[in-house]
Amino acid sequence: MAQIAFRDITKRYPGTPAPAVDAVSFDVPEGSTCVLVGTSGSGKTTLLRMVNRLIEPTSGEILVDGTNVLRENPIQLRRRIGYVIQQVGLFPHMTVAENVRVTAEIAGGWNKQRLNSRVDELLDLVGLPPADYRKRFPRQLSGGQQQRVGLARALATDPAILLMDEPFGALDAITRARMQDELQRIQRDVHKTILFVSHDIDEAFKLGDQIAVMSDGKLMQIGSPVELLARPANDFVSQLVGADNTLRQLQYLPVTTALDNRPEVVSSAHWGDAATCKSDATLLDAMLQLLSSDTSTLTVFDPTNQKQLGTITLTSINREISRQRSTQAPINQPESSHA
Ligand SMILES: Nc1ncnc2c1ncn2[C@@H]1O[C@H](COP(=O)(O)OP(=O)(O)OP(=O)(O)O)[C@@H](O)[C@H]1O
């Protein structure tokens, strides 16, 4: 496990008027996923590639578990940091197993038999049954399958950190959603610290514990999806994350934002009869439950202590969505936004 900390990190490419990354500071807690989003050219890839020193910073520090990466040997550093990009870059003349194995070998310390079983474990982990896939060549795989091999390869040295630069950007929407699900499943097992660049806000919302919004090299805001939706720092963030997007609000805001705080309405003595909803449900979960049942009110309860928190209705959901909209600043069109 590892934590990544950016401290006033700046990158100025020679001959360019403005820094590509401008005094950026934030932390990625260990075992969490942070997704970098922003307009094209806002410095996301530059920031990511400074972590494994494919790009050297002009000033500032990047700390991995408290150690400045500039003090580390770049080759050793890259063994501890997995790197997945859109162009998977598999060796075309090597089989799937050989492609994964070359990286596993770098980690060292394993005999041939252990290496083979390690390759099989990794292929299983990324959803490619080894019996079917280990002998195939990259040209015999779909784009999504190649991306899975890329992920297996990045995990082969068991790095604490994964850097992922638009890894699913070239995949069709269905394969992309499937790969996101797979990454979530894998992350539940392996708990890597992941820094992920994406152009896709839905992907960022799905995968990110935190989302970092960049514009012109600067960090505009970092926060959880709900924080960005409910309290965007400025118009740019608001527009980029779609803070006025009703479906997204329903999908991510918790039911507790729209409670009618009247625990007396349903006394706990009648809990057995009342339709209930857990406090970690989203507004969308509650709305679907209300629409598909013949009740007009759900009692929201905290599953950890079984305490009743209040009630939720279609009216209270509607009121919260309207309130969110009215508290957001009017949205200006940033010039280069394409997200
Ligand atoms: N090697 C380089 N030399 C000079 N300028 C560069 C170099 N690499 C990137 N830049 C500039 O730095 C800025 C940030 O680029 P970067 O690739 O980090 O942005 P990005 O947010 O990842 O963009 P995209 O989303 O389009 O991939 C851009 O203005 C880009 O033109």
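Two residues count as in contact here if their C-beta atoms, placed from the backbone, lie within 7 Å. Among the contacts in this protein with a separation of 6 or more, 69% come from residues 24 or more positions apart. Keep in mind that this is a predicted model, where local features need pLDDT of at least 70, side-chain atom pairs count only at pLDDT 80 or more, and totals for chains, interfaces and linings use all residues. Numbering starts from 1 along each chain as its sequence is written.

The C-alpha atoms fill a box of roughly 65 × 55 × 35 Å along the principal axes. Secondary structure comes to 13 helices and 13 strands; these are DSSP runs numbered from the N terminus, with helices being H or I of at least four residues and strands E of at least two. Of the 339 residues, 36% are buried, meaning that 20 or more other C-beta atoms lie within 10 Å of the residue's own, with C-beta atoms placed from the backbone.

Let's start at the ligand. Its shell is made of Tyr 13, Thr 16, Ala 20, Gly 38, Ser 40, Gly 41, Ser 42, Gly 43, Lys 44, Thr 45 and Thr 46, taking residues whose C-beta atom, placed from the backbone, lies within 6 Å of the molecule. Helix H1 (residues 44–51) gives the most to this shell, with three residues.

Stay with H1 for a moment. Six of its eight residues are buried, so H1 is largely enclosed by the rest of the structure. Those six are Lys 44, Thr 46, Leu 47, Leu 48, Met 50 and Val 51. After the helix comes Arg 53, with a positive phi near 60 degrees.

Beyond its neighbours within four places in sequence, Leu 163 is in contact with Leu 48, Val 51, Asn 52, Ile 81, Gly 82, Tyr 83 and Leu 195.

Methods:
Buried ≥ 20, exposed ≤ 12 C-beta atoms within 10 Å, placed from the backbone.
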